[in-house]
Amino acid sequence: MLIVADENISLLDVFFQGFGEIHRVSGRSINHATVKSADVLLVRSVTNVDRTLLTGTKVRFVGTCTIGTDHLDLDYFQQAGIAWSSAPGCNARGVVDYVLSSLQTLAEITGANLSQCTYGIVGVGKVGGLLLKVFKGLGWNVLACDPLLQIIAGGDYVNLTQIIEQCDVISLHTPLTKSGNSSTWHLFDRQRLNQLRLGAWLINASRGQVVDNAALREVLLKRDDLQVVLDVWDGEPEVDVDLADLCALATPHIAGSSLDGKQRSTAKIYQALCVYLGQEPSIQLSDFLPQPWLAEVHLDASTDLAWALAILCRSVYDPRRDDADFRRSLVGTAETQRKAFDLLRNNYPERREIDSLKVHINGQSTQLMKIVSALGAITV
């Protein structure tokens, strides 16, 4: 069996070398000639897998180590009898950590009290659903918008107009869809961006095209009251440098790039391939995750709650480093910037998730325990 795979898939050899030969390729370089003789294709979000790429090839299984599938032509897969799998939820914890730490930075910039804000989550799937759980656990006021989920499962949801009108903070976690009434392409267009509340914060860690980047740049030039965090970009790896300059935080599509999330996604695709081939999985992810660099934190019961929340979030992840690295890369020609964007992603440093952090509370503090529990850390 020949497996063609994006060279940046974590633990690629560990999970897949037992199936046959692995041919590693840069994700953006994968083309028809590359995959013509392949039986299995493993990709990330940078590779568009469609009819043009696969027609006339031997590929019968496609695995994407991502939660999103907008880069896969699923209609063609069905027509051609090609099995496929994605990794929904694999990076949810990492994205939530990104949002929480970004909120700490925005609070420092503006002086806002996070517990007094009203939060809006657009898209309540694996990522948005976990973020909703964390916000509610912290006792924060949060509204959720997910029209499709509301139709399928019902629940306490609001529409997008209510999110824009009532929320101080809006965090986007919707998949990218381009057709019908459920389209999220430029969901936040010029009109909706202009309708944001005075002093609103907008965070996009979903897909770049969910926000009209050109319109956002124009709005930010006129409204310095808004605070924007962008991890994803319309047209990436090419980025609107002027828009990045106007953002409070700008990062190169790394919100979900925790070590745990990347390895979890590979394990999920491995399990799907085992099912496809009728084999029993024999490799466990738990055997390969290293010990976190920071394993334990000790807090006194008298610790200020806002300080504790900030220190716990940032002890695991601080987006300001990624923001600084990204801004330094936005120089030179467009081609230089595109290469730098991929280089930052492909050489991303090890980052763990907050649910691997053990927190010792010295003394009794119900409120402090509530924060630790809501974040998903381990109270010991």
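Guide: What follows begins with the cysteines and then turns to the protein chain around them. This is a predicted model, in which local features need pLDDT of at least 70, side-chain atom pairs count only at pLDDT 80 or more, and totals for chains, interfaces and linings use all residues. Residues are numbered from 1 along each chain as its sequence is written, and side-chain values use heavy atoms, with hydrogens and water left out.

If a disulfide is taken as a pair of cysteine sulfur atoms within 2.5 Å, the count comes to 0. For Cys65, the closest cysteine sulfur belongs to Cys90 and lies 7.8 Å away, which is too far for a bond. Cys65 has 11% relative accessibility and therefore counts as buried, a term that means under 20% relative accessible area, with exposed over 50% and partly exposed in between (1.4 Å probe, protein chains only). Cys247 also counts as buried, because its relative accessibility is 5%, and its sulfur is 19 Å from the closest cysteine sulfur, that of Cys117, so the two are too far apart for a bond.

As for the setting, 52% of the 380 residues of the protein chain count as buried. Among contacts (heavy atoms within 4.5 Å) with a separation of 6 or more, 63% join residues 24 or more positions apart. The C-alpha atoms of the protein chain fill a box of roughly 60 × 50 × 50 Å, taken along the principal axes.
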